[in-house]
Amino acid sequence: MVAQYFFDEITVGQRESVVTKVTPALVEAFAEVSGDNNPLHLDSDYAATTRFGERIAHGALGTSFISAVLGTKLPGIGAVFVSQSTKFIAPVRMNDEVEAIAEVTELVPEKNRIVFATRCMVGDKMVVVGDAIVYVPSRPKE
């Protein structure tokens, strides 16, 4: 079920997350959709020759999990991405479970925008960190 929070229902400190298992099939589907066919993500033989020693997921796949949090959990329906910044800390490997987390850090009422601290975790290891700004609609007038 997709959540829907209006701007006036959100407070600093609220947070939500989603957990996604990164499978080879998911990475291959992301490569198809994004057009990023880098063999580091798709070819086990090639990836074995890199510093990672194995296939890793696209960095943008991890950031897409943050989009899932914002679009389905908090704020949910009606949310529009304004900006996102990310720093990739560590690789995501096949079969890792990634928890994408978004936490409200600031409300900007004059623009109906919310600033989120964002991160992706694999267990206790941070793999992505950043922030996002999202437009959130006001409650409709009755």
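**Figure 1. Packing of helix H1 against helix H4.** Helix H1 (residues 24-34) and helix H4 (residues 59-72) pack at an angle of about 95°, and their axes lie 10 Å apart. Axes are lines fitted to C-alpha atoms, for helices over the stretch in contact, and angles run from 0 to 180 degrees between N-to-C directions. H1 and H4 are therefore roughly perpendicular to each other; that label covers 65 to 115 degrees, with under 35 roughly parallel, over 145 roughly antiparallel and the rest oblique. H1 contributes Leu26, Val27 and Phe30 to the contact, and H4 contributes Ala60, Leu61, Ser64 and Phe65. Contact means heavy atoms within 4.5 Å. By class, the H1 contact with H4 has 6 nonpolar residues, 1 polar and no charged ones. Here Ala, Val, Leu, Ile, Met, Phe, Trp, Tyr, Cys and Pro count as nonpolar, Asp, Glu, Lys and Arg as charged, and the others, Gly among them, as polar. The model is predicted: local features need pLDDT of at least 70, side-chain atom pairs count only at pLDDT 80 or more, and totals for chains, interfaces and linings use all residues. Residues are numbered from 1 along each chain as its sequence is written, and side-chain values use heavy atoms, with hydrogens and water left out.

**Figure 2. The fold as a whole.** The protein has 4 helices and 5 strands. These are DSSP runs numbered from the N terminus: helices are H or I with at least four residues, strands are E with at least two. From the N terminus on, the order is β-α-α-α-α-β-β-β-β. The C-alpha atoms fill a box of roughly 60 × 25 × 25 Å along the principal axes. Of the 142 residues, 37% count as buried. Buried means under 20% relative accessible area, exposed over 50%, partly exposed in between (1.4 Å probe, protein chains only). Among contacts with a separation of 6 or more, 67% join residues 24 or more positions apart.

**Figure 3. The largest nonpolar core.** This core has 29 residues, and Val22 and Phe116 have the most contacts inside it. A nonpolar core is a set of buried Ala, Val, Leu, Ile, Met, Phe, Trp, Tyr and Cys residues joined through side-chain atoms within 4.5 Å. H1, H4, strand S3 (97-108), S4 and strand S5 (125-135) each supply at least two of its residues. H4 gives the largest share, 5 residues. Beyond its neighbours within four places in sequence, Val22 contacts residues including Val27, Leu61, Phe65 and Val98.

**Figure 4. Met94 in its loop.** Met94 sits in the loop between strand S2 (80-88) and S3. Met94 is buried, with a relative accessible area of 16%. Setting aside residues up to four places away in sequence, Met94 touches Val22, Thr23, Pro24, Val27, His41, Arg55, Ile56 and Ala57.

**Figure 5. Thr118 on strand S4.** Thr118 lies in strand S4 (residues 113-122). Thr118 counts as buried, at 2% relative accessibility. Its side chain reaches the backbone nitrogen of Asp131 at 3.3 Å. Residues touched by Thr118 include Ile66, Ile101, Val128 and Val129, not counting those up to four places away in sequence.

**Figure 6. Phe7 ahead of strand S1.** Phe7 is in the segment before strand S1 (15-21). Phe7 counts as buried, at 11% relative accessibility. Apart from neighbours within four places in sequence, Phe7 contacts residues including Leu107, Pro109, Ile114 and Pro137.

Technical notes:
A polar contact is a pair of N or O atoms within 3.5 Å; within protein, one must be able to donate a hydrogen and the other to accept it, and residues adjacent in sequence count only if both atoms are side-chain atoms.
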